[in-house]
Amino acid sequence: MGMDYRATVNLPKTDFPMKADLPRREPAVLAQWQATDLYGQIRRARAGAEPFILHDGPPYANGDIHIGHALNKVLKDLIVRYKTMQGCDAPYVPGWDCHGMPIEHQLFKERKKTKHQIAQTEFREQARAYAQRYVDIQREQFKRLGVSGDWEHPYLTMSKDYELTILRTFKDLVQAGYIYRGKRPVYWCATCETALAEAEVEYEDRRDNSIYVLFQATGGVFKAIGLGEKLLPWPFLSEQEQTNVYALVWTTTPWTLPANVALLVHRDLNYAFVREKQTNRIMILLEGRIDPVLRGVFGWHEGDFEVIKVMSGNDLPVCSFAHPCLFRSPVLIKGREVSPDEGTGIVHIAPGHGEIDYIVGTRQKPQLDVLSPVDGQGKFTEDVGHQTLVGLSVLGEGNKQVVELLKHEQRLVKEEPLTHSYPH
């Protein structure tokens, strides 16, 4: 037999086990920390030291924790422990967000009901109980991760003291004059019927139909201030020609047209008046978009049209146009929020459906109307201005019906598919 070399190796003697056996040992360590009030001992030992406060952005109390929660809490725990070891007084007060759609959405799924099938007060009571249940569940799960903190005194957005502080702060803002009631566009979920924070919105590619639409100029509506006579907006055109002038507008969201109140041109760029020889109508569009649109999209050739005038957007008269399918007269306005690289250089403005449109509208004097004839379920309301649209989903049949109306009014020049980034 060979020699047993184990006796010749000088190894240290230790009672430390070879296996970590963490599933059994970790709970024991955590129990010891709790029994000895380790967190309280650290607080007392660091009392009066330089403070370091980590403000904990709270998780939603709407389910078991996942790997994202673990990463978040463990990294914060590392920072708090590091600052504590540096000598700082670094308390950690955990918290939970107990309001909002993540909780309501999960509760609706659990109850297999919609918001229309349950009374609001009853649902709020159930939501509070639901949130408290997951506060307790998540608290134990975070403790199991070894995160040290004041777990018995967390801050909860549904606690009476927290809600009272919100009301007092809001009162201070009101008294200081910072709160007013107004209209502005917000992201909205038609399925959940609630407003969305911008952080909740993600952009994904979506395939839609973009359209080229004609807004007819209402010739003869331009009046000198204080006078009643009618003026011709474009002296280089005859009075007859002025009744056949159209702004050519491109949009990727036909459903927003019922909320249109203005047409925006770029004040620093040049616009062309182009006569279509077959129909004799005169279209206005950005000079730099003649080739991409008329030749590229419409497929027109040199003999199909002629440019009869080019003028700066700043020199275009402030005039009104007839809405292509509603009884409304959007006005021509000027700004710099127009891209020279897409569309026609004339943008349809609906302040109730887009942030840039809203900003452009509030800049005007007087401010443009903020129209949004859409209800919480994403359907056109009676205010839409056309009975055939009422009750239709704006992203479904409503969108299609707007296009059909444009066709009926002979205001649709071209419809083509487009893949674009769209908020979800």
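This report covers aromatic ring pairs, charges over rings and cavities in a predicted model.

Local features need pLDDT of at least 70 and side-chain atom pairs count only at pLDDT 80 or more, while totals for chains, interfaces and linings use all residues. Residues are numbered from 1 along each chain as its sequence is written, and side-chain values use heavy atoms, with hydrogens and water left out.

**Aromatic pairs**

Rings of Phe, Tyr and Trp (its six-membered ring) pair if their centres lie within 6.5 Å; planes under 30 degrees apart are stacked, over 60 edge-to-face, and the rest tilted. The count under this rule is 13 aromatic pairs. One of them joins Trp96 and Trp151, which are tilted because their planes stand at 50 degrees, with centres 6.3 Å apart. Trp96 belongs to strand β1 (residues 95-96) and Trp151 to the loop between α5 (120-144) and β2 (155-156), so that 55 residues separate the two. Helices (H or I, at least four residues) and strands (E, at least two) are DSSP runs, numbered from the N terminus.

Buried here means under 20% relative accessible area, exposed over 50% and partly exposed in between (1.4 Å probe, protein chains only). Trp96 is buried at 0%, and Trp151 is buried at 5%.

Tyr212 and Phe298 form an edge-to-face pair, 5.3 Å centre to centre with 85 degrees between the planes. Tyr212 lies in strand β5 (residues 203-217), and Phe298 lies 86 residues away in the loop between α7 (290-297) and β12 (305-312). Tyr212 is buried at 3% relative accessible area, as is Phe298 at 14%. Ring pairs also link these two with Trp250, Trp300 and Phe305 into a cluster.

**Charges over rings**

A charge sits over a ring if NZ of Lys or CZ of Arg is within 6 Å of the ring centre and within 35 degrees of the ring normal.

| Charged residue | Ring | Distance to ring centre |
|---|---|---|
| Lys73 | Phe142 | 4.7 Å |
| Arg206 | Tyr422 | 4.9 Å |

**Cavities**

A cavity is a set of points on a 1 Å grid over the protein atoms alone where a 1.4 Å probe fits but cannot get out; lining residues have an atom within 4 Å of a point. There are two cavities of 30 Å³ or more. The largest holds about 40 Å³, and its lining includes Trp234, Phe321 and Ile346. Arg206 and Tyr422 are among its lining residues, as are Asp208 and Trp255.

Technical notes: On a 1 Å grid over the protein atoms alone, a cavity is a set of points where a 1.4 Å probe fits but cannot get out, and a pocket is an open set with protein on both sides within 12 Å along at least five of seven lines; lining residues have an atom within 4 Å of a point. Grid points are joined across faces, edges and corners, and a volume is the space filled by probe spheres set on the points.
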